[in-house]
Amino acid sequence: MKWLISANGKIYNHVGAFDELGYIDWRQKANYEVGDTVFIYATKPYMKVMFKTIVEKVDMSSDEITDDKKFWYDIEEYESSLSGKYARLRLVERVDSENLSLYELKENGLKAAPQGPMKVKEQLEVYLESNFNDYYSEGVFPEEVSETLEEGHRRTITVNKYERSSIARQKCIEEHGLNCAVCDMNFEEVYGEVGKGFIHVHHIVPLNEIDGSYKVDYKKDLVPVCPNCHAMLHRKINEKTFNIAELEEVYKFNK
């Protein structure tokens, strides 16, 4: 079964909880079964479906759940929530795409913003699944993480997915802008509307060199680059790659 529920970010820090725990113990207001998929719609200011989870446990009491008080912004709501049954929702994927905005969802089978748990009908299910692949991140992080690194490290898998996601891309752009850090190209300035918002994001520390304790720092670890410069940053010369400053010098010298 596929479900759609809503999350109010003014009451609870969903991103923080998923980051640290990889799951949230959610008040069980529907007849979930283990293995069900639950999509989570983030309310204002996002107004998008942003999380895909799988039901890992059901019918948990407040004594069985993880104490997540630190993620609650509204302590009264936290205290009043400690009753009834809970379901554990394990994070599968997270995206931030306009394709999953309320407007687009209403064009593809959703009648109105979800208030409580609702079963996802076929048209909406097909649309959600087809758009929950984080297309914005394709080509953004070309580095590969080995299977041996991921195996046995659930935290590592979750973190790596997040770092490769459109959310990481968005955070990087908010911090550094849309100009290439090497050649200073801005796609909108060159191509107009078709280039608006387009840029690759380079991960300064290769993902295959990190361990399970790694936590991405958007200011230091991620940098916007155009596809050409991105390719050059990953090209090895005598078994070595250029860093941003070195490639910028090469670019300026040859220009």
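Buried means under 20% relative accessible area, exposed means over 50%, and partly exposed lies in between. The model discussed here is predicted.

## Salt bridges

The structure holds nine salt bridges. One of them joins the side chains of E125 and K2, at 3.2 Å from N to O. K2 has a relative accessible area of 18%, so K2 is buried.

A salt bridge also forms between the side chains of E129 and K52, at 2.9 Å from N to O. Because E129 lies in helix α4 and K52 in strand β4, this pair ties together parts that are 77 residues apart in sequence. E129 is partly exposed, with a relative accessible area of 24%, while K52 counts as buried at 16% relative accessibility. K2, K52, E125 and E129 are linked in a network of salt bridges.

E20 forms a salt bridge with K70, and their closest N and O atoms are 2.6 Å apart. E20 lies in helix α1 and K70 in the loop between β4 and α2 (75-81), so the pair ties together parts that are 50 residues apart in sequence. E20 is partly exposed, with a relative accessible area of 44%. K70 is exposed, at a relative accessible area of 58%.

| Acidic residue | Basic residue | N to O distance |
| E125 | K2 | 3.2 Å |
| E20 | K70 | 2.6 Å |
| E129 | K52 | 2.9 Å |

## Aromatic pairs

Rings pair if their centres lie within 6.5 Å, and by this rule the count comes to seven aromatic pairs. The rings of W3 and Y32 have centres 5.2 Å apart and planes at 90°, so this pair is edge-to-face. W3 lies in strand β1 (residues 2-7) and Y32 in the loop between β2 (23-27) and β3 (37-42), so the pair ties together parts that are 29 residues apart in sequence. Both W3 and Y32 are buried.

The rings of F187 and F198 are also edge-to-face, because their centres are 4.9 Å apart and their planes are at 80°. This pair links distant parts of the chain, with F187 in helix α8 and F198 in the loop between α8 and β7 (200-203), 11 residues apart. F187 counts as buried, at 11% relative accessibility, whereas F198 counts as partly exposed, at 37%. Elsewhere, ring pairs link Y12, F71, W72 and Y78 into a cluster.

## Backbone features

A cis peptide bond joins K44 and P45, with omega about 10°. P45 is placed in the loop between β3 and β4 (48-60). M47 is found in the loop between β3 and β4. M47 has a positive phi of about 55° although it is not a glycine. With a relative accessible area of 28%, M47 is partly exposed.

D59, a residue other than glycine, has a positive phi near 55°. D59 is placed in strand β4 and counts as partly exposed at 44% relative accessibility. In helix α1 (residues 14-21), H14, G16, A17, F18 and D19 are buried. Just after α1, G22 takes a positive phi of about 85°.

## Surface patches and a distant pair

D184, E188, E189 and E193 form a negative surface patch. Of these residues, E189 is found in helix α8 (residues 187-191) and is exposed, with a relative accessible area of 65%.

A nonpolar patch on the surface is formed by V190, Y191 and V194, which together have about 350 Å² of accessible area. V190 is placed in helix α8 and is exposed, with a relative accessible area of 52%.

K171 lies in helix α7 (residues 166-176) and is partly exposed, with a relative accessible area of 38%. K171 and D217 are 46 residues apart in sequence and 9.8 Å apart in space, C-alpha to C-alpha.

Terms used: Residues are numbered from 1 along each chain as its sequence is written. This is a predicted model: local features need pLDDT of at least 70, side-chain atom pairs count only at pLDDT 80 or more; totals for chains, interfaces and linings use all residues. Side-chain values use heavy atoms; hydrogens and water are left out. Patches are made of residues with over 30% relative accessible area and no salt bridge: like charges are joined within 9 Å, nonpolar side chains (Val, Leu, Ile, Met, Phe, Trp, Tyr) within 5 Å. Accessible areas come from the Shrake-Rupley method with a 1.4 Å probe; for residues, only the protein chains shown count as cover. A salt bridge is a side-chain nitrogen of Lys or Arg within 4 Å of a carboxyl oxygen of Asp or Glu. Lys and Arg count as positive and Asp and Glu as negative; His and the chain ends are not counted. The place of a charge is taken as NZ of Lys, CZ of Arg, CG of Asp or CD of Glu. Helices (H or I, at least four residues) and strands (E, at least two) are DSSP runs, numbered from the N terminus. Buried means under 20% relative accessible area, exposed over 50%, partly exposed in between (1.4 Å probe, protein chains only). Rings of Phe, Tyr and Trp (its six-membered ring) pair if their centres lie within 6.5 Å; planes under 30 degrees apart count as stacked, over 60 as edge-to-face and the rest as tilted.
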